Amino acid sequence: MKVDGKPYNPREHGNINSSRNAPAKIRDEHTRSKSSPASSGSTTANGATSQSAVETLKVFLQSRYSPEIKMLNLEAMTSDTILKGAGLMAPGEKGAPTNLSAALWKLASQLYPDLVSISLATNGFTSLLPLSPYNLTSSFPALRNISLANNSLKKMRDLDPLSPTFAASRRDAKPKGFSNLVELVLSGNPLVGTGAGERKYRIEVAKRFPSLTTLDQQPLDQNIAFGAASTSDLTPGLNSNTKRDLAKATKAHKATVMFPVQITGGFCESEGMASFIGSFLTKFFPAFDTDRPSLVAAYAPICTFSYQIDTTPPARTRARRTATEKRLPNQHKLDWEPYMGGGRNMMRVKGIGKQLANLALTPDSVVERLLTMPKTIHPLNDAEKFVFDSWTVPALLAPTAAGVPGEMVMFASVHGEFMELPSKGTRSFDRTFILGGAPPGSPAQLAGWPCVILSDSLCMRGYTDPATWLPPPPPIEAAAPTAGPAPVAPQVVPGPAAPAQERLPGLTDPQHQLVLELQHATRLTYNYAHLCLDGNGWDPAVAYANFQALAAAGSLPPDAFVQ
C-alpha cells in the first residue's frame, strides 16, 4: 500500500509492537473490574471476561492505528504481545472465539469510522472466513486499500466475500463487498499467478474489484477484464475451475446468443400490409386491456387460442441486469401463479388430454380463457416498445368451392411488453396471429374488425429490453476541415456521462461504427464498448463473448451500462 505516493513500509512507520505504541503490560483494571467477582459476566473461550476482552481489543487497535495515514496495521496478530498478555487468541488462530472478528470490526468502526487502509498481511490465513468478511465490509464500506500479503490463500474464490460483484447478496439489500477499493496487495499468496498465469490472475482480480487501480503495488488496467480469455473462462458465472462449479455455472447462466446477423426491426412484405396489421393491432390490444368480452366478435367461429409461459429469466436480462433498474421498481411483485394450469407449453404439459383441454376452439371459450388471466396495460403510446413482422401465405385455407383457389391468410408476429395488474410489474410477450378476411355480415365485420382471427398463440416471458430491435445510431460524419487550428478533443474516461455517439480521438470510421454496434447490442456506455473492443483486438465476436461472460458473472460495474 502507498503512503504519500510511496509503497508502505512498516519499518518507516514504526514497529507494530514497539513500546512506543503498546503498553508493556496490561493492568488488572483493563481485564477485570476489581469490584466484581471473578465469576461475574460472561466469559470467552480463553477465560477473559467479555468486558475485559473488549477493553483488550480497544488497546490492541489503538496500538495498531496510524492516524496520520488512517491505517490499521493488523499484521502478524498471532505474535502480538497485547493479545498474548491478555490470553486472547488472534482471528484465524485455532481456538479463537468465533465472534472475535465481528467484535473487532465493530469496535474498529466506532474508533476509526474514516479508516482508509487495513493491512492483514502475514497472518497465515488459508481462508477469509475467520475474518468475518461480511462484518468487515459492512464496517468499512468505503475502504480504499487492503493488504492480504504473505498469507496462504490458494483459490481466487477466497476473495469473493470481499468482492462487490462476486460476494453473496446481502439480506439487508445494502451494497456488498468493497466497491471503492483502489489498491489490493496479494503478493506472497499461492493464488498469485506468475509467468504464463500472471495475466489470468490479473484478469480474475479485475473482475472481482472493478474499482481497483493498483494490484501488488503495480498499476492495474481495468481494460484487462475485457481481455480475450480461454474457452473455460467464457463460461458465465464461473467462480472456479472445478467440474462442480462449471456444471453449476453452465446451468445457472446460459450465455446470450451471438447471432450471425444483427437483430433488426420488424419486417412487412409491403407498406399496405404494415398499415393493415397496424390498424388491427391498435384495435385489438386496447380491447384486450379494457374490454375482453368484446373480443368475442374478433375470433372466427372455428379458431384456436392458447398461451404458454416461459418462467426462465431471459439471458439478456440477466447479463444486462435490466430487471433491477430503477425504471422497473415492481418486478419483484410479479407472480406466475395466475397462469399455472392453463398454459400449453408442449415441452411441459404432458398428455394429449391436458394439451387439448388448454386449447380454446370457439370465440366464447377464447374469451372465457382470457377472463381468467390478470389484467394488463399495453403501452401503445410508445411505438418503440413493440415490433411486428407480417406476411401473407396464399391458398393456405381449403377452397370454399370447386375450382376456386384456397383463401389467403396473413401472419402477424408481435413482440412487445405489457404492465400486469395489480402488481404493476412488466412482462414481455410474443404473440402470433393467423388472420383471414372478415366475411361480409360476420360478427367481426359488423364490429368493425378489418379481419378475423383464425389462430392466436401467446407466449409470456420475463422482461427484455426493446432496445434489442431498435436500429443502431447513425455514424457520426467527420466534420469538414476548417482554416483554423483543429481543436483538441477532450480525453474521455469510462463513465455514464459520455454521450453514446461521442467519438474518441484516433478512432477510424470502421472502429467507431463497431463501437456503436457493440453499444447497441450490450447497452454498454460508448467508452466501455470501446474498451471491450480495444482489449479484444477489435474482433466483435470475441469482444461480445467476453462481455457475455463478465456480465453474466456480475463483474461489470453499474456505470458500465447506459442508465
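Leaving aside its neighbours within four places in sequence, which residues is L184 in contact with? Select L184 to begin: the list is I146, L148, V205, F209, L212, T214, L215 and D216, where contact means heavy atoms within 4.5 Å.

**Before going further**

This is a predicted model, in which local features need pLDDT of at least 70 and side-chain atom pairs count only at pLDDT 80 or more, while totals for chains, interfaces and linings use all residues. Residues are numbered from 1 along each chain as its sequence is written, and side-chain values use heavy atoms, with hydrogens and water left out.

**The whole chain**

Show the protein chain as a cartoon: it has 15 helices and 15 strands. Helices (H or I, at least four residues) and strands (E, at least two) are DSSP runs, numbered from the N terminus. Of the 563 residues, 46% are buried. Buried means under 20% relative accessible area, exposed over 50%, and partly exposed in between, with a 1.4 Å probe and protein chains only. Among contacts between residues at least 6 apart in sequence, 71% join residues at least 24 apart.

**The cores**

Return to L184. Together with I118 and L120, L184 touches the most other members of the largest nonpolar core, which has 46 residues. A nonpolar core is a set of buried Ala, Val, Leu, Ile, Met, Phe, Trp, Tyr and Cys residues joined through side-chain atoms within 4.5 Å. Colour α2 (50-64), α3 (81-85), α4 (100-111) and α6 (198-208); each supplies at least two residues of this core. Another core, of 38 residues, lies apart from it, and includes A412, L435, V452 and I453.

**The seven-stranded sheet**

Select β3 to β9. These 7 strands form an open sheet with mixed pairing, in the order β3-β4-β5-β6-β7-β8-β9. Two strands pair if DSSP finds at least two bridges between them. The edges are β3 (65-66) and β9 (218-219), each with a single partner strand, so one side of each has no neighbour in the sheet.

Within this sheet, pick β4 (residues 71-73) and β5 (residues 117-119), which run parallel and are joined by 3 bridges. L72 has I118 as its bridge partner in β5.

**T56 in α2**

Next, select T56, which lies in helix α2. T56 is buried, with a relative accessible area of 3%. Its side chain reaches the backbone oxygen of S52 at 2.8 Å.

A76 has a positive phi of about 45° although it is not a glycine.

Move to β13 (residues 409-420). Of its 12 residues, 10 are buried, so the strand is largely enclosed by the rest of the structure.

- β11 (residues 376-377) runs antiparallel to β13 and is joined to it by 2 bridges; I377 stands opposite M419.
- β12 (residues 387-393) pairs with β13 in the antiparallel sense over 7 bridges; W391 stands opposite F411.
- β14 (residues 425-437) pairs with β13 in the antiparallel sense over 11 bridges; E420 stands opposite G425.

Zoom in on the loop between β13 and β14, where P422 is found. The peptide bond from L421 to P422 is cis, with omega near 5°. The hairpin has 4 residues between the strands, and K424 takes a positive phi near 65°, although K424 is not a glycine.

**Helix α11**

Which residues of helix α11 (residues 363-370) are buried? They are P363, V366, V367, R369 and L370. They cover an arc of only 160° around the axis, which puts them on the same side of α11; the arc is that of the directions from the helix axis to the C-beta atoms. On the other side of α11, D364 and E368 are exposed.

**A298**

Finish at A298, in the loop between α8 (271-290) and β10 (299-310). Is A298 buried or exposed? At 0% relative accessibility, A298 counts as buried. Leaving aside neighbours within four places in sequence, A298 is in contact with W449, C451, V452 and I453. Also select G448: the C-alpha atoms of A298 and G448 are separated by 9.0 Å, and the two residues are 150 apart along the chain.

Technical notes. A polar contact is a pair of N or O atoms within 3.5 Å; within protein, one must be able to donate a hydrogen and the other to accept it, and residues adjacent in sequence count only if both atoms are side-chain atoms.
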